[in-house]
Amino acid sequence: MRPQEIIAKKRDGKTLSNADIGIFVEGVSTGEWADYQISALVMAMFINGLDQREQDELTRAMIYSGKVLDLSSVDRPVVDKHSTGGVGDKTSLIIAPAAAACGLAVPMISGRGLGHTGGTLDKLESIKGFDVGLSMARFTELLGTNGYAMAGQTGEIAPADKKLYALRDATATVPYIPLIVASIMSKKLAEDLDALVLDVKTGSGAFMQEYDDSVKLAEALVQTGKAFGVNTQAVVSDMSQPLGKFVGNALEVYECIKLLKGEGDDAMSATMDLSIELTARMLMLGGVADTMESAEAMVRDVIESGQALAKFRQNVEVQGGNAAVCDDPELLVDDALLRVPFSASAAGYVAAVNTFAVGRAICDIGGGRIKAEDGVDHAVGLECTVRIGDRVEKGDPLGIIYCRDRNQADSISENLQNAYKITEEIPDIPKLIRATV
Ligand code: URA
């Protein structure tokens with residue numbers, strides 16, 4: 001069947017057969033379909049919808065557009081965590097070693113930051129020498145020996161998604177749940193998982209900002225995971241303010257190592273709480289714990305005893321990074337950076353944070369990328385001094401910009417100041433875990 005016939009079917013509101021979907025995804029992967037034909041069909045899908053069968057078939061075709069890992073040689077339950085992305089969202093750096101220390105194998109195939117959200121690969125690369133470019137053979141070997149490995153998505157995993165996501169991004173067709181589900185789950189289901197925990201963010205820094213949409217996305221992701229035989233759960237977690245204390249690649253690694261060393265402070269507690277919650281759910285789904293209470297106790301124990309930090313160190317060593325940061329996380333904080341506070345313009349309570357604007361401000365000083373091909377300054381970032389509900393007086397610091405020069409600070413401090421809404425009324429404090437699915 002020619003591309004235009006398949007496009008016409010969906011344009012006219014008909015359902016696509018499995019064969020149509022297979023032809024489309026193959027055309028995307030091989031380059032036989034032109035970008036304008038792919039975009040036209042995706043727009044028709046966006047407008048006229050995909051039913052459950054079409055969505056599942058699209059997911060399946062996208063999974064098999066590339067290689068599917070074979071982790072049958074790994075002698076532990078294989079469980080991953082995926083987050084839909086946010087600002088200061090650094091939990092993978094704690095979850096992977098903690099889950100591995102509790103007996104799971106965690107195949108963390110991660111992405112780079114794009115737009116206002118950060119990416120685990122950029123965070124890891126702020127550790128000097130850390131190599132995320134593992135071959136699939138080495139990745140599988142490390143899973144067996146260390147219990148976890150951190151790698152970037154190569155062109156081998158779900159290649160159709162890479163092309164489709166770029167075209168969706170350019171044609172305003174990202175925010176449609178069946179397309180999001182096929183995109184996320186094709187990458188995760190190619191990892192040969194026994195179980196998967198999804199962290200679907202909600203709020204001003206999330207890709208799904210409205211709570212009801214986030215819950216719908218979480219439900220659709222879980223349903224698809226289960227349909228493909230993977231025990232899947234989702235947590236809808238708060239992204240109405242940056243997670244934890246720091247935003248910015250090296251600073252986020254610093255925060256995680258401090259927490260793994262037992263040297264965290266109150267401002268970092270949300271990072272720890274969410275990491276424990278998600279890791280505990282992974283242990284339950286992987287069959288390593290029977291109840292959430294016992295799972296949480298296991299996670300706390302491997303963190304407090306230093307076993308999770310030892311796993312983290314082992315991973316940094318085998319992936320070529322400078323493991324001295326595990327003893328001295330201050331090595332991650334560049335001494336040459338200026339630390340410039342930005343302050344409250346009025347007295348009152350911090351009522352809301354435009355977290356998207358915070359993420360974009362960090363991009364503006366080089367800490368994130370606007371386009372996929374942009375470089376990143378791993379060192380720069382932000383220390384979040386206040387959280388929603390805190391009382392501030394006029395002139396009190398809301399946060400500290402870690403930047404290269406005064407011009408950078410001047411260029412973003414007004415945007416950051418405006419990102420924090422101060423009111424006279426005491427606001428509701430958002431719960432960290434908004435729902436579980
Ligand atoms: N993240 C993805 O990987 N795909 C989407 O479609 C949206 C978010």
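How many Å separate the centres of domain 2 and domain 3, taken over C-alpha atoms? The separation is 24 Å. The legends below refer to a predicted model.

**Figure 1. Domains of the chain.** The domain assignment divides the protein into domain 1 (3-49), domain 2 (79-153 + 173-329) and domain 3 (334-423). The C-alpha centres of domain 2 and domain 3 lie 24 Å apart.

**Figure 2. The interface of domain 2 and domain 3.** On the domain 2 side, 24 residues are in contact with 26 residues of domain 3. The two domains bury about 2,000 Å² between them, and 56% of this area is on carbon and sulfur atoms. Across the interface, 14 residue pairs are in polar contact, both residues being at pLDDT 80 or more. Helix 6 (120-125), strand 6 (246-247) and helix 11 (249-260) each supply at least two residues of the domain 2 side that touches domain 3. Helix 11 gives the largest share of that side, three residues. By class, the residues on this side of domain 2 are nine nonpolar, eleven polar and four charged.

**Figure 3. The salt bridge between domain 2 and domain 3.** The count of salt bridges between these two domains is one. Arg-369 and Asp-122 meet through their side chains in a salt bridge, with an N to O distance of 2.8 Å.

**Figure 4. Surroundings of Phe-207.** Phe-207 is found in the loop between strand 4 (195-202) and helix 10 (211-227). Its relative accessibility is 32%, so Phe-207 counts as partly exposed. Beyond its neighbours within four places in sequence, Phe-207 is in contact with Thr-84, Val-174, Ile-180 and Leu-217. His-116 is 91 residues away from Phe-207 in sequence, and the two C-alpha atoms are 9.5 Å apart in space.

Figure 5. The loop between helix 9 (177-189) and strand 4 holds Glu-191. Glu-191 counts as buried because its relative accessibility is 1%. Not counting residues up to four places away in sequence, Glu-191 touches Leu-69, Leu-71, Asp-80, Pro-107 and Ile-109.

**Figure 6. Asp-89 and its contacts.** Asp-89 has its place in the loop between strand 1 (79-83) and helix 5 (92-101). With a relative accessible area of 10%, Asp-89 is buried. Its side chain makes a polar contact of 2.6 Å with the side chain of Ser-83. Residues touched by Asp-89, leaving out those up to four places away in sequence, include Lys-123, Asp-199, Lys-201 and Glu-252. Met-239 and Leu-243 are also among them.

**Figure 7. Two alanines with positive phi.** Ala-158 is not a glycine, yet its phi is positive, near 40°. Ala-158 lies in the loop between strand 3 (148-152) and helix 8 (159-170), and its relative accessible area of 0% makes it buried. Ala-172 also has a positive phi, about 55°. The loop between helix 8 and helix 9 holds Ala-172, which counts as exposed at 58% relative accessibility.

**Figure 8. Helix 1 and its cover.** In helix 1 (residues 3-11), the buried residues are Pro-3, Ile-6, Ile-7, Ala-8 and Lys-10. Helix 2 (18-30), helix 3 (35-48) and helix 4 (52-63) are included in what covers these buried residues. Gly-13, with a positive phi near 80°, follows helix 1. Glu-5 forms a salt bridge with Arg-2, at 3.2 Å from N to O. Glu-5 is partly exposed at 37% relative accessibility, and Arg-2 is partly exposed with a relative accessible area of 49%.

Figure 9. Arg-60 forms a salt bridge with Glu-57, and the closest N and O atoms are 3.3 Å apart. The two residues are three residues apart in helix 4, so about one helical turn separates them. Arg-60 counts as partly exposed at 38% relative accessibility, whereas Glu-57 counts as buried at 14%.

**Figure 10. A salt bridge between distant parts of the chain.** Asp-265 and Lys-245 form a salt bridge whose closest N and O atoms are 2.6 Å apart. Asp-265 is in the loop between helix 11 and helix 12 (269-285), and Lys-245 is in the loop between strand 5 (231-238) and strand 6, 20 residues apart. At 31% relative accessibility Asp-265 counts as partly exposed, while Lys-245 is buried with a relative accessible area of 14%. Elsewhere, salt bridges that share partners join Asp-80, Lys-188 and Glu-191 into one network. The count of salt bridges comes to 24.

Terms used
Residues numbered from 1 in each chain as written. Predicted model: local features only at pLDDT ≥ 70, side-chain atom pairs only at ≥ 80, totals over all residues. Heavy atoms only, no water. Domains from an automatic or database assignment. Contact = heavy atoms within 4.5 Å. Buried area = accessible area lost by both parts, 1.4 Å probe. Salt bridge = Lys/Arg side-chain N within 4 Å of Asp/Glu carboxyl O. Polar contact = N/O pair within 3.5 Å; in protein donor to acceptor, adjacent residues only side chain to side chain. Helix = DSSP H or I, 4+ residues; strand = E, 2+ residues; numbered from the N terminus. Nonpolar A, V, L, I, M, F, W, Y, C, P; charged D, E, K, R; others polar. Buried < 20%, exposed > 50% of the residue type's maximum accessible area, 1.4 Å probe, protein only.
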